[in-house]
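Thanks for coming. Please have the sequence and the 3D view open while I talk.

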Amino acid sequence: MSYVGLILHNLRSRFLRSSVTAAAVAIGVAAVVALSVLTYSLQQTAVSIMETGRADFTVAQFGASDILNGSIDSTDVAGIKKTKGVDSAVGVYIATANLGASQPFFLEIGIAPADQAPFGVTLSRGRSYAPTAPNEIMLGYRAARHFGAEIGTVLKIEERRFKVVGIYTTGNAIGDDGAMFPLPTLQSWHSKPGLVTLVFVRVAPNTSIRAVRHRVDANHPQLTTMQSLTEFGRADRNLVLIRAAQTGGSLLALIIGASGVMNTALLSFYERIREFGLLRSVGWTRRRLCALVIGEAVVVAFFGAALGVLAGFVAVRGLMRLPQLVGVFHPAYESAIFGRALGFAFAMALLGALYPALKAARLVPLDALRKE
Amino acid sequence: MLRRDSSAHTTGSAGCISLHDVHKRYRGEPDEALCGVDLEVAPGELVALVGPSGSGKSTLLHLLAALDRPDHGTIVIDGFDVARRIGAGRYRRGTVGLVFQLHNLLPNLSAAANLEVVMFGTHRRRQERRARARELLDAVGLAGKYKDVPTRLSGGERQRVAVARAFANEPQVLLADEPTGSLDDASTATVVALLRDHVAAGGTLLAVTHDSRLLAAADRVVTLTAGRITGDIRKNDAVTLRVAAGAGGLE
């Protein structure tokens with residue numbers, strides 16, 4: 001029998017207890033996986049919108065609770081355009097519309113026709129709308145497919161009717177699932193004349209993006225520049241709050257999970273005092289005994305983590321069906337989530353098993369052997 | 001087959017047991033369990049320890065096995081100061097083999113695995129541990145019982161597993177608490193022969209026993225009464241030894 005074989009044998013011979021411990025780990029891991037996927041996906045959704053315009057960096061209102069609801073004045077857009085090193089700066093108004101259960105998060109992008117090319121829009125059919133047309137729109141090709149719309153189709157969006165004059169692609173799934181409006185039309189519809197949500201900036205060739213960002217940040221303290229997912233996550237207060245909730249939820253799950261592990265490990269300890277005493281009396285060192293208890297917990301954690309990841313996926317499928325999240329929550333999985341889940345499971349196992357392991361190691365062999 | 005290599009120890013202290021003025025009192029007890037015990041056991045000696053219940057026999061074995069510490073006095077075995085905490089695990093694993101009166105087998109492990117776990121932390125690899133466990137079980141007449149868990153073994157079989165386990169790491173010193181207590185005649189003969197083999201190879205054996213066959217095989221019989229050594233009879237005094245073996249008043 002090998003040492004690992006002994007660990008597995010001990011777990012098998014106490015199958016129910018091992019299963020309960022693994023379940024405690026699995027519940028914690030599932031919570032972490034679901035929360036992580038939810039946060040990451042919401043962030044990805046928001047970033048996808050940001051990435052609809054192919055830019056070197058994006059400018060948003062500083063300190064906005066939700067960056068996609070921020071406001072940037074047209075004078076600021078003009079100022080950014082004039083900044084040294086800026087090749088183009090496209091001001092875009094972004095809104096969402098609820099078009100029922102199938103399209104609860106329909107993306108509306110207000111953009112001037114002249115800015116469509118720098119924004120990365122390619123017209124695949126029809127034409128662009130007139131700059132101030134009150135009832136003309138372009139549909140993303142995915143949205144057109146979804147609505148079965150063609151050039152000339154009249155689409156009803158929140159009680160207003162718009163004629164589809166063009167079909168476009170952006171190379172971005174969320175962008176292609178929405179519609180583009182003349183900028184003033186969308187601004188006045190949402191009672192925000194002269195305001196845009198984001199500014200998409202491209203820098204001139206052979207120019208340092210960092211230097212241009214620095215200039216924009218310096219010249220417009222009420223605005224913030226973002227280049228990465230992380231920066232977006234930091235700038236958007238809602239995402240900061242979601243991430244804080246995720247961290248808090250994960251910590252809570254860690255504490256609850258570790259308590260579960262400790263509870264079963266302690267019960268197991270009291271049940272096995274004689275066994276530990278015997279092992280010490282035949283020459284097992286404290287360290288070896290400690291390693292046995294922690295080793296058992298780590299193996300349980302491994303199985304718990306595997307179960308937890310599966311349960312987490314099931315939970316994510318459940319979250320997708322929540323009315324509040326339909327259309328907003330497109331599950332996105334990053335490899336770090338699995339690493340985090342595994343690390344979390346091992347942390348739970350170590351935290352939960354450490355105290356019982358130390359208790360086992362500190363046993364006086366003779367006293368332990370006398371326990372009934 | 002179970003003998004240790006007698007050339008393994010080159011120092012003069014190999015297998016020596018030396019106790020000087022050993023005292024032990026358990027917490028809450030008015031009287032000392034051991035009071036001023038002096039004892040020297042030479043390598044190659046089989047010493048039987050006898051005495052009435054509560055005389056301190058098991059206490060003495062526990063102190064020798066470094067499972068407990070004396071309140072006063074020195075205990076040196078094979079050059080190891082037993083009162084030291086440091087190195088006790090290695091000492092229990094390598095120097096002494098212990099046969100418990102209540103067998104103390106791990107209930108969820110097979111007979112062979114009960115022996116193998118004792119060999120963790122030694123130089124033996126997994127296959128060697130397995131082979132050694134089977135060799136020892138064969139020697140105590142338990143061939144074919146390797147995979148049986150203790151609950152499927154009789155009391156005598158469990159005792160033989162416990163005896164085999166004590167030999168697992170080829171200890172220089174064997175400490176046994178009633179090693180033949182649950183055995184039938186044939187098994188007792190087998191175990192006594194093993195124990196004699198051990199001392200014949202230069203090992204030391206201190207056994208708490210009231211079994212006449214083991215007493216007859218002993219080189220010395222030491223009597224413990226109320227925590228004190230009250231008799232120490234050597235085998236060359238055959239008549240006295242027989243008297244001691246059949247003495248009344250012993251448990």
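This is a predicted model: local features need pLDDT of at least 70, side-chain atom pairs count only at pLDDT 80 or more; totals for chains, interfaces and linings use all residues.

Residues are numbered from 1 along each chain as its sequence is written, chains are lettered from A and ligands numbered from 1 in the order in which they are written, and side-chain values use heavy atoms, with hydrogens and water left out.

First, the cores. A nonpolar core here is a set of buried Ala, Val, Leu, Ile, Met, Phe, Trp, Tyr and Cys residues joined through side-chain atoms within 4.5 Å. Buried means under 20% relative accessible area, with exposed over 50% and partly exposed in between, using a 1.4 Å probe and protein chains only. The largest nonpolar core has 126 residues, and those touching the most other members include A:Val29, A:Trp284 and B:Leu19. Its largest share, twelve residues, comes from helix H12 of chain A, residues 286-320. Helices are DSSP runs of H or I, at least four residues, and strands are runs of E, at least two, numbered from the N terminus. Apart from this core lies another, of 34 residues, A:Phe57 and A:Ile157 among them.

Now back to H12(A). How do H12(A) and H13(A) pack? Their axes are 7 Å apart, at an angle of about 150°; H13 of chain A covers residues 335-362. Axes are lines fitted to C-alpha atoms, for helices over the stretch in contact, and angles run from 0 to 180 degrees between N-to-C directions. The two helices are therefore roughly antiparallel, a label for angles over 145, where under 35 is roughly parallel, 65 to 115 roughly perpendicular and the rest oblique.

On to chain B. In H1(B), seven of the eight residues are buried, including B:Lys57 and B:His62. After H1(B) comes B:Ala66, with a positive phi near 60°.

B:Asp68 sits in the loop between H1 (57-64) and strand E4 (72-77) of chain B. Is B:Asp68 buried or exposed? B:Asp68 counts as buried, because its relative accessibility is 16%. Its side chain makes a polar contact of 3.2 Å with that of B:Lys24. A polar contact is a pair of N or O atoms within 3.5 Å; within protein, one must be able to donate a hydrogen and the other to accept it, and residues adjacent in sequence count only if both atoms are side-chain atoms.
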